[in-house]
Amino acid sequence: FWAERQAVNRAAGLRHGYEQLDRAGNFHNLRLAAGLTTGEYKGYLYLDSDLYKWLEAVSYALPPAPDPQLEAITDSTLRLLAAAQQGDGYLNAYWQVVKPGRRWTDLDHGHEMYCAGHLFQAAVAHHRATGRRDLLDIACKFADHLDATFGPGKRQGACGHPEVELALVELYRETGEPRYLAL
């Protein structure tokens, strides 16, 4: 039963998801954050999370049935994320494009940590599925930024939308980095 559904998801659902993300502006927004295009940010401030959820789904779908086309669009997405990530590890297209210099100013509603959490979950899934570190390295760089910014003796605060907490635990499980668990 599930094998048939998984095959349909690989053949149609994941590609459709990619097309919908493209249509909604997710990739455009990341290109803006990376400085690869010009224009206006499209959509809601939490759109990065949808892209990360798609990456997590692709990561879980590929190992049982490799798919060169899905692998190629996944790889191009990872390159885009690496290009959009700032030098200090921060990565959030909305705050980089729409409100530069204002990151972490709306912890209750800004979805920054929420999006980071979905990035961490996608990175863990990708690393477990492929053994590759490219997305995991992006996630760890962002987690290192969070650790440098928040915690005892640093800025105090938490996201108004839970997600990052469980994702940091998974990132710790995958990397063994105790700072992620402590955070």
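A: L78 is in contact with L55, H126, R132, D134, L135 and I138, leaving aside its neighbours within four places in sequence. Contact here means heavy atoms within 4.5 Å. This is a predicted model, in which local features need pLDDT of at least 70 and side-chain atom pairs count only at pLDDT 80 or more, while totals for chains, interfaces and linings use all residues. Residues are numbered from 1 along each chain as its sequence is written, and side-chain values use heavy atoms, with hydrogens and water left out.

L78 sits in helix α4, which covers residues 68-84. Helices are DSSP runs of H or I with at least four residues, strands are runs of E with at least two, and both are numbered from the N terminus. The relative accessibility of L78 is 4%, so L78 counts as buried. Buried means under 20% relative accessible area, exposed means over 50%, and partly exposed lies in between, with a 1.4 Å probe and protein chains only. L78 and W2 are 76 residues apart along the chain, and their C-alpha atoms are separated by 28 Å.

One of the contacts of L78 is L55, which is among the buried residues of helix α3. Helix α3 (residues 47-61) has 15 residues and reaches 22 Å from its first C-alpha to its last, close to the 21 Å expected at 1.5 Å a residue. The expected span of a helix is 1.5 Å times one less than its number of residues.

L135 and I138, also in contact with L78, are among the buried residues of helix α7. That buried set also includes L136, F142, H145 and L146. What covers the buried residues of α7 includes α3, α4, α6, α8 (164-175) and α9 (178-182). The 16 residues of α7 should span 22 Å at 1.5 Å a residue, and its end C-alpha atoms are 23 Å apart, which agrees. Just after α7, G151 takes a positive phi of about 125°.

Helix α6 (residues 112-130) has 19 residues. From its first C-alpha to its last, α6 reaches 27 Å, close to the 27 Å expected at 1.5 Å a residue. Of the 19 residues of α6, 16 are buried, so the helix is largely enclosed by the rest of the structure. G131 follows α6, and its phi is positive, near 80°.

Back in α7, which covers residues 134-149, is H145. H145 has 8% relative accessibility and so counts as buried. Leaving aside neighbours within four places in sequence, H145 is in contact with D88, G89, Y90, R103 and W104. W104 is found in the loop between α5 (93-97) and α6, and is buried, with a relative accessible area of 3%. Phi of W104 is near 65°, a positive value in a residue other than glycine. Most residues other than glycine have a negative phi. The loop between α5 and α6 also holds H111, where phi is again positive, near 65°. H111 is buried, with a relative accessible area of 16%.

G160 lies in the loop between α7 and α8. At 46% relative accessibility, G160 counts as partly exposed. L107 and D108 are in contact with G160, leaving aside its neighbours within four places in sequence. The C-alpha atoms of G160 and S59, 101 residues apart along the chain, are separated by 28 Å.

Now the chain as a whole. It has nine helices and zero strands. The radius of gyration is 16 Å, close to the 16 Å that the globule rule gives for 183 residues, so the chain is as compact as a globular protein of that length. That radius is taken over C-alpha atoms, and the globule rule is 2.2 Å times the number of residues to the power 0.38. Along its principal axes the C-alpha trace spans about 50 × 40 × 25 Å. Of the 183 residues, 46% count as buried. Among contacts between residues at least 6 apart in sequence, 66% join residues at least 24 apart.
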